[in-house]
Amino acid sequence: MQVYLIDGTYELFRQFYGRPPSAGTDGAEVGAVRGVVMSVASLLSNGATHLGVATDHVIESFRNDMWPGYKNGAAVAPELKSQFGLLERSLESLGVRVWAMTDLEADDALASAAAIANDDPAVEKVLICTPDKDLAQSVVGQRVVQLDRRTGVLTDEDAVRERYGILPVSIPDWLALVGDSADGFPGLSGWGRRSASVVLARYEHIEAIPDAVVDWDRDVVRAVRSAPSLAARLATERESAMLFRSLATLRIDRTLLGQVDELNWRGARPDFEDTCRYLREGSLPARMAALASARNA
C-alpha cells in the first residue's frame with residue numbers, strides 16, 4: 001500500500017491564494033476549504049486508499065516559547081484563518097483522518113505519521129505531500145519521499161542530497177546554520193547554503209564541527225574560503241545554532257497514530273452531504289458514495 005500524508009495548512013494557503021473567493025450558504029468565505037476538499041477527493045478518486053491530513057489548528061506552537069521571532073498567525077488574513085476549523089470538520093466528514101495540531105505543528109504530525117508508516121512492512125511507500133524543506137529530514141531512501149502535488153516532483157534521499165548537498169538527517173543542522181525565513185529564525189551570520197552543505201557533508205551535525213578551524217578537515221577548509229570566519233562565528237554562537245536546530249527538528253509523537261490501517265479511507269460520513277451543501281458542491285457526495293461502494297464491495 002501507499003500512504004499519503006497531506007500538509008493541510010499548506011494546501012489551505014495554496015487554495016486561498018490560487019483560486020477566486022467563494023461563499024458558503026451563510027455568506028462566509030469558504031473557497032479555500034472547498035478547493036482542498038475537492039483536491040483530497042480527487043486524490044481518493046485517483047486511487048489513494050490510505051491518507052491523513054495535518055493542520056495547524058492554532059498557528060502558534062511550543063516553538064514560539066523557544067524563540068520570540070518564530071512564525072505566528074499575526075499576518076494571516078482573517079478570511080483564511082477562519083477556514084482552518086471548517087477545513088478540519090469538512091475533511092472529517094469526508095471520512096479522512098485529520099490531525100488538528102495545537103502544541104505541536106502540522107509538520108510534526110506529518111513526520112510522526114511518516115515514521116510510524118515506515119515501520120509497517122505492509123507499506124510500500126510513504127508520500128509526504130508538501131514542498132516544505134523541513135520535511136526533507138523525514139525522507140528515507142526511496143520509501144519515504146516528499147511529493148509536491150502542484151508540480152508532481154518526487155523528492156527521495158538522492159534528491160535531498162542533490163538539492164542540499166547533505167543527507168536528510170542533517171537538514172535541521174543545515175537550517176540552523178543558514179536560517180529559515182519562513183519559520184522566522186535567522187541562522188548564523190556568514191553561513192550560506194553552500195558552506196553549510198560542505199561542512200555538514202563532512203561532520204553531519206553541528207556538535208561534531210570543531211570550534212577551531214585548525215581542527216577542521218583539510219578538504220573542507222580548502223573548499224570553503226571563509227572557513228576561519230565561519231568557525232569563529234560558530235564557536236561564539238554555538239548556543240544559538242543549537243537552539244535554531246531544535247526549532248528546525250520535527251518532533252515524533254507516536255501516539256498520533258496507532259496503526260496505518262486507521263488511515264484507510266472507507267467512505268464519507270452521513271453528514272458529508274450537509275458539508276457539501278454548505279460548500280455549494282452538491283455533486284461530490286454521490287461521487288464519493290459510489291467510490292466507497294466500489295471499494296467496499
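Colleague: Leaving aside its neighbours within four places in sequence, which residues is Asp 156 in contact with?
Modeller: This is a predicted model, and in it Asp 156 sits in the loop between strand S6 (153-155) and helix H7 (157-164). Once the neighbours within four places in sequence are set aside, the residues in contact with Asp 156 are Val 139, Gly 141, Gln 142 and Val 145.

Colleague: Asp 156 has no salt bridge, so what is the nearest side chain of opposite charge, and how far away is it?
Modeller: A salt bridge would need a side-chain nitrogen of Lys or Arg within 4 Å of a carboxyl oxygen of Asp or Glu. Asp 156 is buried, yet it has no such partner. The nearest side chain of opposite charge is that of Lys 125, at 7.0 Å.

Colleague: Which backbone nitrogen does the side chain of Asp 156 reach at 3.2 Å, and which one lies 3.0 Å from a polar atom of that side chain?
Modeller: At 3.2 Å, the side chain of Asp 156 reaches the backbone nitrogen of Asp 158.

Colleague: Is strand S2 mostly covered or mostly open, and how many of its residues are buried?
Modeller: His 50, Gly 52, Ala 54 and Asp 56 point one way from S2, while Leu 51, Val 53 and Thr 55 point the other way, and all of them are buried. Strand S2, which spans residues 50-56, is therefore mostly covered, given that buried means under 20% relative accessible area. The number of its residues that are buried is seven of seven.

Colleague: Why is S4 described as largely enclosed by the rest of the structure, and how many of its residues are buried?
Modeller: Both faces of S4 are covered, with Lys 125, Leu 127 and Cys 129 buried on one side and Val 126 and Ile 128 buried on the other. S4 is largely enclosed by the rest of the structure because the number of its buried residues is five of five.

Colleague: Which residue of S5 does Leu 127 stand opposite?
Modeller: S4 pairs with S1 in the parallel sense over five bridges, and there Tyr 4 stands opposite Leu 127. S4 also pairs with S5 in the parallel sense, over three bridges. In S5, the residue opposite Leu 127 is Val 145.

Colleague: Asp 132 lies in a loop, so is it buried, partly exposed or exposed?
Modeller: The loop that holds Asp 132 runs between strand S4 (125-129) and strand S5 (144-148). Leaving aside neighbours within four places in sequence, Asp 132 is in contact with Asp 107 and Gln 146, and its side chain reaches the backbone nitrogen of Asp 134 at 2.9 Å. Because its relative accessibility is 23%, Asp 132 counts as partly exposed.

Colleague: What covers the buried residues of helix H8?
Modeller: Helix H8 (residues 171-178) is largely enclosed by the rest of the structure, because eight of its eight residues are buried. Among these buried residues are Trp 174 and Leu 175. What covers them includes H7, H9 and helix H11 (227-248).

Colleague: What is the phi of Glu 204 near?
Modeller: Glu 204 is placed in the loop between helix H9 (193-203) and helix H10 (218-223), and it is partly exposed, with a relative accessible area of 34%. Its phi is a positive value in a residue other than glycine, near 70°.

Conventions:
Residues numbered from 1 in each chain as written. Predicted model: local features only at pLDDT ≥ 70, side-chain atom pairs only at ≥ 80, totals over all residues. Heavy atoms only, no water. Helix = DSSP H or I, 4+ residues; strand = E, 2+ residues; numbered from the N terminus. Buried < 20%, exposed > 50% of the residue type's maximum accessible area, 1.4 Å probe, protein only. Lys, Arg positive; Asp, Glu negative; His and termini not counted. Polar contact = N/O pair within 3.5 Å; in protein donor to acceptor, adjacent residues only side chain to side chain. Contact = heavy atoms within 4.5 Å. Pairing = 2+ DSSP bridges.
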